[in-house]
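I opened the notebook on this chain today. My entries follow the order in which I looked things up.

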Amino acid sequence: MDEPFWKTTPLEAMSPTQWESLCDGCGKCCLSKLEDEDTGEIYWTSVGCRLFDGATCRCSDYANRLARVPDCVGLTPQNVPTISWLPSTCAYRLVGEGRDLYWWHHLVSGSTETVHEAGISVRGRLTASEDDLAEPEDYFDHMLEEEP
């Protein structure tokens with residue numbers, strides 16, 4: 001039996017289809033994060049990006065997200081190793097580190113619902129959209145104790 005592509009293909013060599021299929025649909029990367037300017041520490045919030053659809057855990061305008069949201073970070077094989085806030089469960093991070101995908105990842109389970117059933121996604125856990133918040137200080141009310 002052949003090994004799945006994520007076990008045999010480095011991130012840099014993946015086709016666009018393979019690359020896009022790695023996203024598990026958890027939505028964590030679409031949450032606003034705060035960074036302590038002095039320490040560089042990242043604080044998670046339960047605030048979704050203005051384009052984030054909390055019901056589907058997907059971007060409502062994925063093709064144009066980088067143009068519409070100036071601080072959106074498009075993941076690439078080159079920047080994945082440098083992004084400290086990528087979730088610990090992120091498939092891009094896992095594969096980049098030579099680790100396997102979790103059982104709930106759709107490429108393993110065969111279902112895009114298992115990420116939600118396993119409680120990994122942020123579905124149902126948003127408390128605001130960034131469009132709802134007028135001032136940077138407003139995000140403090142939505143800070144989380146740890147990565148969701």
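**Entry: strands**

I started at L34, which stands opposite Y43 in β2. This is a predicted model, so I read each pairing as a feature of the prediction. I then looked up the two strands behind that pair. Strand β1 covers residues 31-35 and strand β2 covers residues 42-48. They run antiparallel, and four bridges join them.

I checked the turn next. The hairpin of β1 and β2 has six residues between the strands. G40 in this hairpin takes a positive phi near 80°.

What does β2 pair with in the parallel sense? I found β5, over two bridges. V47 stands opposite A128 in β5.

I put the strands together as an open sheet of three, in the order β1-β2-β5, with mixed pairing. β1 and β5 stand at the edges, and each has a single partner strand, so one side of each has no neighbour in the sheet.

**Entry: aromatic pairs**

How many aromatic pairs does a search of the whole structure find? I noted three. I looked at W19 and Y92 in detail: their ring centres are 4.4 Å apart and their planes stand at 45°, so I logged the pair as tilted. The cut-offs explain the label, because stacked needs under 30 degrees and edge-to-face over 60. W19 sits in helix α2 (residues 16-21) and Y92 in helix α4 (residues 91-96), so the pair ties together parts 73 residues apart in sequence.

Are these two residues buried or exposed? W19 is buried at 9% relative accessibility. Y92 is buried too, at 6%.

I moved on to Y102 and W104. This aromatic pair is stacked, with 5.4 Å from centre to centre and 10° between the planes. Y102 is partly exposed, with a relative accessible area of 33%. W104 is buried at 4%.

**Entry: charges over rings**

I looked for charged ends above ring faces. The charged end of K33 sits over the ring of W85, 4.5 Å from the ring centre. R65 lies over the face of Y62, and I noted 3.8 Å to the ring centre there.

**Entry: around T89**

I went to T89, in the loop between α3 (65-68) and α4. T89 is buried, with a relative accessible area of 11%. I listed the contacts of T89, leaving aside neighbours within four places in sequence: D24, K28, L94, Y102, W104, I120 and E147. The side chain of T89 makes a polar contact with the side chain of K28, at 3.4 Å.

Which residue forms a salt bridge with K28? I found E147, with the closest N and O atoms 3.6 Å apart. The pair links distant parts of the chain, 119 residues apart. E147 lies in the segment after β5 (128-129), and K28 in the loop between α2 and β1. I checked accessibility at both ends. K28 counts as buried at 3%, whereas E147 counts as partly exposed at 24%.

**Entry: other salt bridges**

A search of the whole structure finds nine salt bridges. I followed up several of them.

R50 forms a salt bridge with E130, and the closest N and O atoms are 3.2 Å apart. R50 is partly exposed, with a relative accessible area of 36%. E130 counts as buried at 12%.

The side chains of R68 and D61 meet in a salt bridge at 2.8 Å, N to O. What is the accessibility of R68? I noted 47%, which counts as partly exposed. D61 counts as buried at 16%.

Last, I looked up E3, K7 and D100. They are linked in a network of salt bridges.

Notes
Residues are numbered from 1 along each chain as its sequence is written. This is a predicted model: local features need pLDDT of at least 70, side-chain atom pairs count only at pLDDT 80 or more; totals for chains, interfaces and linings use all residues. Side-chain values use heavy atoms; hydrogens and water are left out. Rings of Phe, Tyr and Trp (its six-membered ring) pair if their centres lie within 6.5 Å; planes under 30 degrees apart count as stacked, over 60 as edge-to-face and the rest as tilted. Buried means under 20% relative accessible area, exposed over 50%, partly exposed in between (1.4 Å probe, protein chains only). A charge sits over a ring if NZ of Lys or CZ of Arg is within 6 Å of the ring centre and within 35 degrees of the ring normal. Two strands pair if DSSP finds at least two bridges between them. A polar contact is a pair of N or O atoms within 3.5 Å; within protein, one must be able to donate a hydrogen and the other to accept it, and residues adjacent in sequence count only if both atoms are side-chain atoms. Contact means heavy atoms within 4.5 Å. A salt bridge is a side-chain nitrogen of Lys or Arg within 4 Å of a carboxyl oxygen of Asp or Glu.
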